[in-house]
Amino acid sequence: MEQIQIIDSKKHVGETVTIGAWVANKRSSGKIAFLQLRDGTAFFQGVVVKSEVPEEVFQMAKNLSQETSILVTGEIREDSRSKFGYEIGITNIEVVSESHDYPITPKEHGTDFLMDHRHLWLRSSRQHAVMQIRNEIIRATYEFFNNNQFVKIDPPILTGSAPEGTTDLFETNYFDQKAYLSQSGQLYMEAAAMAFGKVFSFGPTFRAEKSKTRRHLIEFWMIEPEMAFTHQEESLEVQEQYVAFLVQSVLDNCEYALDVLERDKEVLKTYTKLPFPRITYDDAIELLKKNGFDDIEWGDDFGSPHETFIANSFEQPVFILNYPKAIKPFYMKPHPTREDVVICADMIAPEGYGEIIGGSERATDYDFLLEQIKNHGLDEKEYSWYLDLRKYGSVPHSGFGLGLERTVTWISGIDHVREAIPFPRLLNRIYP
Ligand code: 4AD
Ligand code: MG
């Protein structure tokens, strides 16, 4: 008997096959038992009819408890009533391992309880759908950058530098030296861009931020492209093409997951239309003030109500351009005619999901950068290698960082970034 995976059912209609699965749920009457089966690839229904199987098989089916692992044998048939479209008419069941008192039952559970059981919660159909969308975004990221001749370069995770400011660093001992967990690979990616032209990284980053919001993780994954001989305008085009490609890939390849999450696909389709709107920081402040936001002045960073209002003024993700120099990192290129702003942009996702990309053109002037490093209270010695990049054939270059989990949260249409990563690290949570 051929052993198959649920996802491949459509290739085996009319055949008798075996599937290794877990019992996600069960409902039965005197004559028929319906098993909700999952095998990691998908969920579908197994049907056991009392009059068509030996009595002990029917009794076994009726008594299976949630999350018992089994080998089921039966015929694959079409099932037009289910979203998945196929089911298995079970003729035999072999128990692999029993499961008793599974903590996550079909009833409602509180978030803390679910987070404490994240290792089991991952088995549920909604979590499964989110992780499939995450996987598709990862796959599409590699496809997009490979198609566009970017080289994947892996920056280190243990570093001595702090590109995004010194307040939220995780410090550790590196033998007899101090080291930090990387908060961004960017500075290394700038070195890589000078060696390979167009590069991207994709790795974990760490921020010891004391933020407890639905957008903040302590450990998150970031995609950081960096491009030599590239000004900010061209970088914005890459960013919007990349994000539109991610949305289109999820629409093309994750229809079932989007349905499980009840995500509106027509809304997602509008996010594939290019170009995305652009608004300057100055105009964004104006827009907010005109609409009754008295709590913000030129020079302030946006809070999430501000970002949400700005995003709601547009249909697609929106770029906010050229923020005040004082609220951005040291490496951004100064504006050619204005002292007070830098050449940068954040991409704000629609529907209140907030910033998904931060990026900029990078400063190329050695003396400017040296002064910035000092002004930001950074240790000049640690950045000597970075300054070398401006000594030996410096070129205009730009790059950006996209937060994977925020993007997954937005495209999936879920409420909180903690469900967009398998094992979230949050303020006060490192278990499981
Ligand atoms: O805006 P950020 O801090 O930019 C950088 O780190 C740049 N060095 C990137 C670059 O130009 N190469 O972070 C980039 C993105 C944010 O837009 C957001 O999507 C995500 O990373 N991000 C977080 N995601 C989850 N939890 C957090 N605490 C995050 N902090 C940033
Ligand atoms: Mg940012």
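View 1. The model is predicted. In total, 22 residues surround ligand 1. The closest are E164, Q186, R207, E224 and E355. Sorted by class, the shell holds 7 nonpolar, 7 polar and 8 charged residues.

**View 2. Polar atoms of the protein meet ligand 1.** The side chain of R207 has an N or O atom 2.9 Å from an oxygen atom of ligand 1. A polar backbone atom of G358 lies 3.4 Å from an oxygen atom of ligand 1. A polar backbone atom of R215 lies 3.5 Å from a nitrogen atom of the ligand. How much of the accessible area of ligand 1 does the protein cover? The protein covers 94% of the 630 Å² that ligand 1 has on its own.

**View 3. H416 sits in the segment after α13.** Helix α13 spans residues 404-412, and H416 lies in the segment after it. Is H416 buried or exposed? H416 is buried, because its relative accessible area is 13% and the cut-off for buried is under 20%. A polar atom of the H416 side chain lies 3.0 Å from the backbone nitrogen of R418. Leaving aside neighbours within four places in sequence, H416 is in contact with T213, R214 and T409.

View 4. D365 caps the N-terminal end of α11. There, a side-chain oxygen of D365 lies 3.3 Å from the backbone nitrogen of D367. Just after the helix comes G377, with a positive phi of about 70 degrees.

**View 5. E351 and R263 form a salt bridge.** Their closest N and O atoms are 2.8 Å apart. Which parts does the pair tie together? E351 lies in the loop between β15 (344-349) and β16, and R263 in the loop between α7 (255-260) and α8 (265-270), so the bridge ties together parts 88 residues apart in sequence. E351 counts as partly exposed, at 37% relative accessibility. R263 counts as buried, at 10%.

**View 6. D282 and R338 meet in a salt bridge.** The N to O distance between their side chains is 2.6 Å. D282 belongs to helix α9 (residues 281-290), while R338 lies in the loop between β14 (318-321) and β15, so the pair ties together parts 56 residues apart in sequence. Both partners are partly exposed. D282 has a relative accessible area of 22%. For R338 the value is 30%.

**View 7. K11 pairs with D8.** Side chains of opposite charge can pair when their charged atoms come close. The side chains of K11 and D8 form a salt bridge, with 3.2 Å from N to O. K11 is exposed, with a relative accessible area of 59%. D8 is partly exposed, at 25%.

**View 8. R38, E67 and R123 are linked by salt bridges.** These residues are joined in a network. How many salt bridges are found in the whole structure? A search of the whole structure finds 25.

**View 9. G20 lies in strand β2.** The strand covers residues 16-28. G20 is partly exposed, with a relative accessible area of 28%. G20 and S69 are 49 residues apart in sequence. In space, their C-alpha atoms are 7.4 Å apart. Not counting residues up to four places away in sequence, G20 touches Q3, D39, I70 and L71.

Technical notes. Residues are numbered from 1 along each chain as its sequence is written. Chains are lettered from A and ligands numbered from 1 in the order in which they are written. This is a predicted model: local features need pLDDT of at least 70, side-chain atom pairs count only at pLDDT 80 or more; totals for chains, interfaces and linings use all residues. Side-chain values use heavy atoms; hydrogens and water are left out. Helices (H or I, at least four residues) and strands (E, at least two) are DSSP runs, numbered from the N terminus. Buried means under 20% relative accessible area, exposed over 50%, partly exposed in between (1.4 Å probe, protein chains only). A polar contact is a pair of N or O atoms within 3.5 Å; within protein, one must be able to donate a hydrogen and the other to accept it, and residues adjacent in sequence count only if both atoms are side-chain atoms. Contact means heavy atoms within 4.5 Å. A residue is near a molecule or strand if one of its heavy atoms lies within 4 Å of it. Accessible areas come from the Shrake-Rupley method with a 1.4 Å probe; for residues, only the protein chains shown count as cover. Ala, Val, Leu, Ile, Met, Phe, Trp, Tyr, Cys and Pro count as nonpolar, Asp, Glu, Lys and Arg as charged, and the others, Gly among them, as polar. A salt bridge is a side-chain nitrogen of Lys or Arg within 4 Å of a carboxyl oxygen of Asp or Glu.
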